[in-house]
Amino acid sequence: MNKSEQILPHGHLLRYALKERLTHWVAAGAYIYLLMTGLAFWSPWLFWVAVIFGGAPVSRMLHPWAGLIFFAAVWYMYVMWAPQMKHTDVDKAWWKAVRYYSTNQDDKMPPAGRYNAGQKFLFWGFFWSAVALLASGVVLWFPEYIPWNLRFLRYISILIHPAAALFTIGLFLIHVYMGVFAERGAFGSVIRGDVSIAFAKRYHPGWYKEIVGESSTPRK
Amino acid sequence: MTNGWVDMKNTDMMLIMGGNPAENHPCGFKWPVEAKRTRNAKIISVDPRFTRTSAVADLFCQIRAGTDIAFLGGVVRYAIENNRIAKDYLVNYTNAAFIVKGDFKLPADTDGVFSGFDAKSQSYDKSTWNYAGTAGGDAAHAASGSAPPAPKLPEKVEFDLTLQNPNCVFQLLRKHYSRYTPEMVERITGIPREQFLKAADLFTSIRKDGDMKKAGTIIYAVGWTQHTFGTQIIRTAAMLQLLLGNVGRAGGGVNALRGHSNIQGATDMAGIFDNLPGYLKVPTPADTSFDAWIKRITPTSSKPAPWDSFNYWGNTPKFAASYLKALFGDAATKQNGFAFDYLPKVDRNYSWVQLWDDMYNGVVKGMLAFGMNGVAIGPDSQKNIDALKKADWLVVGEIYPDETSEFWKSPGITQGEMKQIQTTVYRLPCAGFAEKDGSFTNSARWLLWKNTALPTPGDARLDQAIVAQIFLKVRELYKKDGGKFPDPILNLTWNYTVPTSPSLTEVLKEVNGKALADLEDPATKQQIKAGQQLPGFAWLKDDGTTSCGNWIYCGSFTEAGNQTARRDPSDPSNLGLHPGWGWSWPANRRVLYNRASCDADGKPWDPTRKQVWWNETTQKWVGNDVPDFKVDSKPKDHMGPFIMNPEGVGRIFAPLGAFADGPFPEHYEPIESPIDNPLHPAQTHNPVVKRFKTPDDKYATPKDGYTVVCTTYRLTELYHYWTKNNPMNVQLVPEPFVEISAQMADEMGIKGGEKVKVSSIRGEYIAKAMVTKRIKSMMIDGKKVYQIGIPIHQGYRGIKEDEGKDARTLVNLLTPTVFDPNAYTPEFKGFLVKLERA
Amino acid sequence: MSQAILRVQKISGHAGSVPGEGTQREYTVCKLIDTTTCIGCKACEVACMEWNDLPFGETVFDNTYQTMPETRWNYWNLILFNEHVREEDGSLMWLMRKNQCMHCAEPGCLAACPADGAIVQYTNGIVDFQQANCIGCGYCITGCPFDIPKMNPKTHRVFKCTLCTDRVSEGLEPACIKSCPTGCLHFGSKDDMLDLAGKRAKQLREHSNFPHAGVYDPPGVGGTGVIYVLHDATKPEIYGGLPSDPHVPWTVKLWKGPLKWLGNVAMVGGLIGLFVHYLRFGPKAREEEDINPSGGKP
């Protein structure tokens, strides 16, 4: 990780490089658009949301394109992060102790690396959902071109698309909750890229060690 | 039609053959469907292909094109052998009991021709085709001098009501058709024996056990007429119907379906060269005077002595005199034979095919082509194109530029050739059907007035305005310059309010006719003042006191107004007569020969379908329909119901000159046929059919490599050569196609949608193949024969044609120039071709 | 398509009550197609195009009398031609079935449609597309078990037979019915049409060679506003793939039913759960210094 790319405040570590942050926000922006317009199509009670986004026909027109952008961003994340998202023994232990994590007893958690098991789950959850959403989305984009004898594709897609979307919504809610409310500093990290050493030590001790081990002059 | 469209709802059995009403008369086809729905009536469809009519039929037989007489003859035989005949009807209402002259010979005994055939002139001496009897023919013969007069029917005909005399019509009929066994039918038609027997059994089942209540109808169209023996096919159907007692009955009859909205009207108004309006026979050069003409064309009754005959054509002098009065007005007087000399005398055949042949041979120099696309409607389009190249001028009145008016740029003509063509072509834009008023006479003989729906577009003019202006110009020239014989032109009545564009209302009034002097009916004392419209043809006089343009239309426009415009839908009898809807010739009668719907005592055969009946109290024939009979003729007088025949009865045997090719129909092969005639291989074709002799007239045999039987037809989606200019119709059937059987396609490796070339010895037609199970290969006299079908509608001028997306060939490039010797209809329905990939 | 004055009993993608529901005496209109008397003349096809002023389209010869392979966004009424060999006796049948919207009582298109008011069902049973409200998603295409709604590729709006709503609302029969020359098409109340169809089927069973003749009014979609008399009601597939037991696709039902409720509960439940979690546990590190060692405790 190239730390020289930006000047960090004292006592801070670079957690997300610029391209990672950019990718995240491209994905986030696209996802929020997809979520809003998708919810409008999901339920008549939320149909009004589409109106805010320029009307339902426009939403229907842009939703697939936003989907492509979202998938491109997710795909790039996959390229960047897939090696770091491998399931490890630590993750197993982490999942066993997840109840401590959810009750803020982080000191009882096994030491997580750059990404804890929950984050990895989020990543893979989003990745595979994105694949499913893309595949079913293409069918739903052009239902008129699916021949009658391949209509099962439409039938599957119409179920897979909302199901996968619902799954991502669950992930998304937890992700936002964790990033914005639960872990102070996390939100900043995806804005400016840096986290405090305390944050690193507390939530990603494995990663911290790795960084420090690498660093010739630890900042202290 | 003897009956009518609506009447078909009364039927119990329909034989639909030589016609495809579901496709070509879909609106009328509601009545066959109605009969199916309300009476459980059955449809038997016999056709070269499984059509949309076959799709709703109860039984389908695939027949080889042009073998209908063999099929019908087989049914005649079946009906006789199985006693499925109407015995009382046969004896009393047909000539079955009449004795035929002893020297009459059937084709079975005379090498495939009837007695009297002269091979050299290809014509018959018909004197043996006559009844045995006294007076009439023989007497006339003796009285006349040097010139042998035409033989006549005997006044008193010998007869045998037991039908046992070996020379009675019935026995001759039985003998003649005894050769049409199911095996023979199969050999000729290709219909498997069992399938034929099923059809014969089903159709004749209405006369099972002598029951007379049920009625069956035979429905046909140009699939029968367009053969070199077309008239004889229809004859066979008529004979079968007489045998079964179906003529004159509600739900019965022999019913011709007319393909165009006013074809019946055209025929009624002298559509054919040898007719005058109302089916009066044209004068020939031998008719030197009105009286000579009248004598020749007015029949005298010919019947068994104890019987009576109305012989309605005995009124011919009245019809003829009134017709001439309508044509020439005051110039037609009793003294000058009603200006008989003004009438053209027809010296030879001027039928449609002959005219084109004449043009090809340089005899005809110019042509006015209105309401027809002469090049496309063929036969042998190339000959017609070549004929037009030799003409001096051509006038085409049309609503679209058509193949005829653009014959000079038909496919295959080079720029160089085009420059050689000297024909001057005038194109006159005409009004379309919705832009004209006037009456249509439909297949049911109903005259129905229609109003103008739209104004004519652009420079388009009404047909009658164009004709009138040409006539007035010609008259002006005759007036100015004189001429050899200007009188007929100068004396023609032209009393229209707007002479340059006669109102069709005025024309119909003129056709109906009016009194020229005060008239009184001696029986009823009813009076008609001079100048008043005549109420019916019973008022016509032979002394010049009435005028009438067409006697059968007399009654269509009376003092009560335009009867054809009536629109009262009520039908009190529920027999589909609708007497207040339009007007039907003759005399608003809806079913012809309806006296035959009753037994000899005047009681209806079927009390649930009472058309007319004898009322004992009033001593008159009365009914729901207008009785087609002398209203006060008592049943015991035994007047025959077929009042238009001098015999008074239906003709199972057609004597003397009624037909050119035989008193009984005999199966002959089409001019181009895959086999020799199994009945008499030495006489394969109709012996009196003549072939044309120009270089364009070629006729093939299987030996030339043409082995596939081809038939042509029309589709629901398109109307003739016309609607290919309408995007709606073009969308429904975008391209020309050729229907071929799946077996044939397999054998040749052709897939549906691939282009194929159909060639006859005369020309080529290229279109996409429609591979279907609806046509099957057939075994004809032991030979495997393929049959294909081609819809006629495309050509080289239309939406798709102009886009250059199809081959721009005309189907009639394939068809031969030969025609039926009776009606002069060309052969479009059965000829030989070969088929290959294009 | 039309804005006829008809009251609406079902609306697609709609929240809240439906204005027309229960406001009118109930009667359902129905079109009866007797395939046994259809002659494939295509008058109904032309009448449909004429009445609805549909634009002409290109067609190509396709080895059949059928005008085109399937209905189009601008061609709502198509007779399907099928050659069928009867197993009983090897005889040929040429089946013609007029294909168009079936106007299901429980329309799959309407169920699948997310756009408020894009598909409505009038109280007389007609299912009608309102293109002004259509968003072009094509879910109706997926929802329909008869392959009827078709997309205009230019405008991304879906079209189909309206059962001539504009005519019917004025007390006229649909244009196709008006044009049918043989009377194989009938129009009236559903009860009357079922009665008529039943009688015709009975007649075919008893007097023609069709022992399996019957009426097609599939219960899987609650019955249809277009019913058929078939020569062989046991084999509707031979009529150009008429489904023998059509249903709204189960995935659509699952999606619009259980999945929707499950999803809504999960989403709302998730939000509440997280909120409660925050109230109970709060953020992971309450104190700034916990994560910011450079600062000191006050």
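Two residues are taken to be in contact if their C-beta atoms, placed from the backbone, lie within 7 Å. The model is a predicted one.

With that criterion, consider helix α17 of chain B, which spans residues 381–390. Its buried residues are B:Ser381, B:Lys383, B:Asn384, B:Ile385, B:Ala387 and B:Leu388. The cover over the buried residues of α17(B) includes α15 (352–360), α16 (374–377) and β13 (393–398), which belong to chain B.

Chain B also touches chain C, in a contact that takes 30 residues from chain B and 28 residues from chain C. On the side of chain B, the elements α2 (30–39), α3 (52–55), α22 (727–732) and β29 (764–772) each supply at least two residues. By class, this side of chain B has 15 nonpolar, 7 polar and 8 charged residues.

Chain C itself is divided into domain 1, covering 8–247, and domain 2, covering 252–291. The C-alpha centres of these domains of chain C lie 46 Å apart.

In chain A, attention turns to a pair of helices. Helix α3 (residues 56–81) packs with helix α6 (residues 117–141) at an angle of about 145°, and their axes are 10 Å apart. The crossing of α3(A) and α6(A) is left-handed. From α3(A), the contact draws on A:Pro64, A:Gly67, A:Phe70, A:Phe71, A:Val74, A:Tyr78 and A:Trp81; from α6(A), the residues are A:Phe123, A:Phe126, A:Phe127, A:Ala130, A:Leu133, A:Leu134, A:Gly137 and A:Trp141. This contact of α3(A) with α6(A) has 13 nonpolar and 2 polar residues, with no charged residues.

Note on methods. Residues are numbered from 1 along each chain as its sequence is written. Chains are lettered from A and ligands numbered from 1 in the order in which they are written. This is a predicted model: local features need pLDDT of at least 70, side-chain atom pairs count only at pLDDT 80 or more; totals for chains, interfaces and linings use all residues. Axes are lines fitted to C-alpha atoms, for helices over the stretch in contact, and angles run from 0 to 180 degrees between N-to-C directions. Helices (H or I, at least four residues) and strands (E, at least two) are DSSP runs, numbered from the N terminus. A crossing is left-handed if the near helix is turned anticlockwise from the far one by less than a right angle, and right-handed if clockwise. Ala, Val, Leu, Ile, Met, Phe, Trp, Tyr, Cys and Pro count as nonpolar, Asp, Glu, Lys and Arg as charged, and the others, Gly among them, as polar. Domain bounds come from an automatic or database domain assignment. A residue is buried if 20 or more other C-beta atoms lie within 10 Å of its own, exposed if 12 or fewer, and partly exposed in between; C-beta atoms are placed from the backbone.
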